[in-house]
Amino acid sequence: MSVSRLDAEHLDLGSGLEVLLQARLAGLGAGDLLEVRVPSRSVALELPAWARMHGHAVVDDAETAAGGHLVTIRRGATRRVLGGDQPEASPPARLRDGAFHSSDMRVDGLVPQTAARDGGFAPIGSVPEPGAPRFDWRLHRRDGVWAPDVAELAEQASGAQWDASDDIPWEAARAVPELLEGAVAQVMTFIAQNEYAALYVPARFLPQMHPSYTEVVMWLASHVHDEARHIEVFTKRALIGGYHGFALASTELSLHSLLAEPDFTAAALLLNVLGEGTFLDLLRFVERHAPDAATAAAARLAHRDERRHVHFGISHVRHVVDGDPQRRAMLVRAAEQRAAKLTELTLSPLLTEGLTIMAAGSMRPAALSEGAAAVRTLMQTMERNRIRRLRSAGFDAPTARYISELHTPNLM
Ligand SMILES: [Fe+2]
Ligand SMILES: [Fe+2]
């Protein structure tokens, strides 16, 4: 049993004395004594009730020569928090040039291979207090959701935010000739339509993600946020000239089948690697052939975000198939199952026409012929790059070609 002393100076209960007492009692063992000098008799009289309420006991109370009181509290065995002791403090977090990078949040660098399926919202480094309600996280295994560079990607996303109201030179979109404007409105409507699926797929997985994989949670949230801005910017571009593009039924069919994929990795393959990968080439095309600076800026800024999304997909799928080569067959099956639902599908002629007119820049026959050639080249570029991305994601050349051929004619 130890005896220690505390001078409360002018503090009383309700003005901070209880904080000081709790801090000192927390460092004592059960049965240890704390002699507290308090400023007045009224505070001394309040302390027995306070101590009892917190599982301790006042065992002595004596007036001091200076007029205050010396109250002796015996520490009880109660704990303020359920569960064991706090672990020893870890070494301080690493800073690089003053920055605390997301990839340095885990002091030991270790990401748990599995997380308790019924665990809760315990931030990295925290000690979960027992007695919390039980959750049921479907995605609670690291290798099913992880990408080695996911922390950096989430950090890049938060550093690369832009504003679809102010960062686009909207006035530039006002001077586009009527026929061209109609084509742009249709292409923009098509892109915006697809951006919804790019938002809803990660959003659907977010509430299934175990909070222990904080970096993936941050990543998915940034992905959702990016796509909300893409919906916004392409919708605004479609609206600005007053035209009404069609939200295409063929696109809906394709996106419906994308949302139906229940597996996180298969969805990453279908959305991030194949769909958003193909959109990278589409956005480059739009940027190059945009009739105005607003359309070009929207495509360029969205492209910058899509590169991150595609990077995550490739990095995650590669991580999964490197860890478990059997998963390749399952991923091929997912692509086959989706393709089986889309056998009737072709790329909408409305989109092909819109892209052709954009690339032609006018309705002159010679220009239209060049526009059509540019669209054909785009389709070839899309296929070549899809295969290249699938190779980077860990598929051999014949499988990459096969999966690319299965990809939806809707592009996303
Ligand atoms: Fe997007
Ligand atoms: Fe995206």
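## Helix packing in a predicted model

Helix α7 passes helix α9 in a right-handed crossing. The structure is a predicted model.

**α7 against α9**

Helix α7 covers residues 264-289, and helix α9 covers residues 327-341. Their axes come within 10 Å and cross at roughly 60°. On the α7 side, the contact is made by Thr-265, Ala-266, Leu-269 and Leu-270. These residues meet Arg-327, Leu-331, Ala-334, Ala-335 and Arg-338 of α9. By class, the contact holds 6 nonpolar, 1 polar and 2 charged residues.

**α5 against α8**

Helix α5 runs over residues 214-239 and helix α8 over residues 293-323. Here too the axes come within 10 Å, with a crossing of roughly 160°. An angle over 145 degrees counts as roughly antiparallel, and therefore α5 and α8 are described that way. The crossing is left-handed. From α5, the contact takes in Trp-219, His-223, Asp-226, His-230, Val-233, Phe-234 and Arg-237. Their partners in α8 are Ala-294, Thr-295, Ala-298, Ala-302, Asp-305, His-309 and Phe-312. The contact of α5 with α8 has 7 nonpolar, 4 polar and 3 charged residues.

The two pairs are set out here.

| α7 and α9 | roughly 60° | 6 nonpolar, 1 polar, 2 charged residues |

**Asp-281 in α7**

Asp-281 also belongs to helix α7. Is Asp-281 buried or exposed? Asp-281 has 20 C-beta neighbours inside 10 Å, so this residue counts as buried. Leaving aside residues up to four places away in sequence, Asp-281 touches Leu-378, Thr-381, Met-382 and Asn-385. Arg-386 lies 105 residues from Asp-281 along the chain, yet their C-alpha atoms are separated by 9.6 Å.

**Helix α4**

Helix α4 spans residues 178-205. At 1.5 Å a residue, its 28 residues should span 40 Å. The end C-alpha atoms are 42 Å apart, which agrees. How many residues of α4 are buried? The count is 20 of 28, so the helix is mostly covered.

How values were computed: Residues are numbered from 1 along each chain as its sequence is written. Chains are lettered from A and ligands numbered from 1 in the order in which they are written. This is a predicted model: local features need pLDDT of at least 70, side-chain atom pairs count only at pLDDT 80 or more; totals for chains, interfaces and linings use all residues. Axes are lines fitted to C-alpha atoms, for helices over the stretch in contact, and angles run from 0 to 180 degrees between N-to-C directions. Helices (H or I, at least four residues) and strands (E, at least two) are DSSP runs, numbered from the N terminus. A crossing is left-handed if the near helix is turned anticlockwise from the far one by less than a right angle, and right-handed if clockwise. Two residues are in contact if their C-beta atoms, placed from the backbone, lie within 7 Å. Ala, Val, Leu, Ile, Met, Phe, Trp, Tyr, Cys and Pro count as nonpolar, Asp, Glu, Lys and Arg as charged, and the others, Gly among them, as polar. The expected span of a helix is 1.5 Å times one less than its number of residues. A residue is buried if 20 or more other C-beta atoms lie within 10 Å of its own, exposed if 12 or fewer, and partly exposed in between; C-beta atoms are placed from the backbone. Angles under 35 degrees count as roughly parallel, over 145 as roughly antiparallel, 65 to 115 as roughly perpendicular and the rest as oblique.
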